[in-house]
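Please look over the sequence and the model, then read the points below.

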Amino acid sequence: MRKVKLYIAISLDGYIADENGQIEWLTGFPNPEKTDYGFADFIATTDTTLLGYKTYEHILQLAETYPHPEHTNYVFTRSERPAAPHVTFVQGADIPGFVQQLKSQSGKDIWLVGGGELNAVMLEHDLIDEITLHIMPVALGKGRPLFSGKAFEKRFKVVQTKVYASGAIESVMLPDRH
Ligand SMILES: NC(=O)c1ccc[n+]([C@@H]2O[C@H](COP(=O)([O-])OP(=O)(O)OC[C@H]3O[C@@H](n4cnc5c(N)ncnc54)[C@H](OP(=O)(O)O)[C@@H]3O)[C@@H](O)[C@H]2O)c1
């Protein structure tokens, strides 16, 4: 079965964006190695992306159209949305049922792009099969959490770590569902 993989960067206090949903703290972080943090290799393992509407909206502030037109891209929303290039809006869906069905189809892995609201739904329903987290050495104080919404406890085991010259810590984790 294809995997759902969350690949995402957080501040050291666990936020994926500042309180206004902006990520300059991340995109502007010094990158002396000029690394892509493994992104090109990662995305090559996937052919589908999953996004919450707020993340999609933010990406469109940064790019004219959704930047992965070669992927099949699903944006979850509770509202009626006009059709847009390269994405399919999934409205008021049973997200767990929809994703289980996607996972059972053939294809490459599925990139869970985020953000925190969608991540929380996916985590609550044990739908995340792998996490690649880049922890950036910057605190924000406030912001949009990596998992936002309900409280729950889910454990992961770390299978790989790497430290970049920027100080970012990459941690690859698999669910520990015992
Ligand atoms: N640091 C990183 O690497 C990274 C990665 C990804 C995203 N981000 C940032 O994360 C921020 C957005 O995260 P977020 O947590 O605020 O929002 P989000 O998860 O991206 O999107 C939330 C929206 O998704 C829809 N949604 C959520 N739960 C749903 C459900 N059960 N059924 C149907 N639709 C549902 C709703 O859309 P409607 O309001 O349309 O109903 C909701 O408003 C952005 O600013 C983005 O830049 C950062």
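Helices and strands are named here as DSSP runs, numbered from the N terminus, a helix being a run of H or I with at least four residues and a strand a run of E with at least two. In these terms, α5 is followed by Asp-126, whose phi is positive, near 55°. The model is a predicted one.

**The ligand and its surroundings**

- The ligand is surrounded by 25 residues, and the closest are Gly-21, Thr-55, His-58, Thr-77 and Arg-81.
- In the side chain of Thr-55, an N or O atom is 2.6 Å from an oxygen atom of the ligand.
- Arg-81 also has a side-chain N or O atom by the ligand, 2.7 Å from a ligand oxygen atom.
- With Arg-78 the backbone is involved: one of its N or O atoms lies 2.7 Å from an oxygen atom of the ligand.
- On its own the ligand has 940 Å² of accessible area, and the protein covers 89% of this.
- At least two residues of the shell around the ligand come from each of β1 (4–10), β2 (15–17), α3 (53–62), β4 (72–77), β6 (109–114) and α5 (116–124).
- Helix α3 gives the largest share of that shell, four residues.
- Sorted by class, the shell has eleven nonpolar, nine polar and five charged residues.

**Helix α3**

- Tyr-53, Thr-55, Tyr-56, His-58 and Ile-59 are the buried residues of α3.
- These buried residues of α3 pack against strands β3, β4, β5 (88–91) and β6.

**Helix α4**

- Helix α4 covers residues 95–104, and its buried residues are Ile-95, Pro-96, Val-99, Leu-102 and Lys-103.
- Why do the buried residues of α4 line one face of the helix? Seen down the axis of α4, they fall within an arc of 125°, so they line one face.
- In general, an α-helix has 3.6 residues a turn, so residues three or four places apart point the same way.
- The partners against which the buried residues of α4 pack are β1, β3 (46–52), β4, β6 and α5.
- At the N-terminal end, α4 is capped by Asp-94, with a side-chain oxygen 3.1 Å from the backbone nitrogen of Gly-97.

**Helix α5 and Leu-123**

- The buried residues of α5 are Gly-116, Leu-118, Asn-119, Ala-120, Met-122 and Leu-123.
- Leu-123 has a relative accessibility of 7%, and therefore counts as buried, the limit for buried being under 20%.
- Leaving out residues up to four places away in sequence, Leu-123 touches Ile-128, Phe-147, Phe-152, Lys-154 and Phe-156.
- One of these, Phe-147, is 24 residues from Leu-123 along the chain, and the two C-alpha atoms are separated by 8.1 Å.

**Asn-73 in strand β4**

- Asn-73 is placed in strand β4.
- With a relative accessible area of 1%, Asn-73 is buried.
- A polar atom of the Asn-73 side chain lies 3.0 Å from the backbone oxygen of His-68.
- The side chain of Asn-73 also reaches the backbone oxygen of His-71, at 3.1 Å.
- Apart from neighbours within four places in sequence, the residues in contact with Asn-73 are Thr-49, Tyr-66, His-68, His-86, Val-87 and Thr-88.

**Two serines in loops**

- Ser-148 is found in the loop between β8 (144–145) and β9 (156–163).
- Is Ser-148 buried or partly exposed? Its relative accessible area is 25%, so Ser-148 is partly exposed.
- Ser-148 touches Gly-116, Glu-117 and Ala-120, if residues up to four places away in sequence are not counted.
- Between Ser-148 and Thr-46 there are 25 Å in space, C-alpha to C-alpha, and the two are 102 residues apart in sequence.
- Ser-166 has its place in the loop between β9 and β10 (169–175).
- Ser-166 is buried, its relative accessible area being 12%.
- The backbone nitrogen of Ala-168 is reached by the side chain of Ser-166 at 3.2 Å.
- Not counting residues up to four places away in sequence, Ser-166 touches Phe-29, Pro-30, Pro-32, Glu-33, Tyr-37 and Pro-137.

Conventions
Residues are numbered from 1 along each chain as its sequence is written. This is a predicted model: local features need pLDDT of at least 70, side-chain atom pairs count only at pLDDT 80 or more; totals for chains, interfaces and linings use all residues. Side-chain values use heavy atoms; hydrogens and water are left out. A residue is near a molecule or strand if one of its heavy atoms lies within 4 Å of it. A polar contact is a pair of N or O atoms within 3.5 Å; within protein, one must be able to donate a hydrogen and the other to accept it, and residues adjacent in sequence count only if both atoms are side-chain atoms. Accessible areas come from the Shrake-Rupley method with a 1.4 Å probe; for residues, only the protein chains shown count as cover. Ala, Val, Leu, Ile, Met, Phe, Trp, Tyr, Cys and Pro count as nonpolar, Asp, Glu, Lys and Arg as charged, and the others, Gly among them, as polar. Buried means under 20% relative accessible area, exposed over 50%, partly exposed in between (1.4 Å probe, protein chains only). The arc is that of the directions from the helix axis to the C-beta atoms. Contact means heavy atoms within 4.5 Å.
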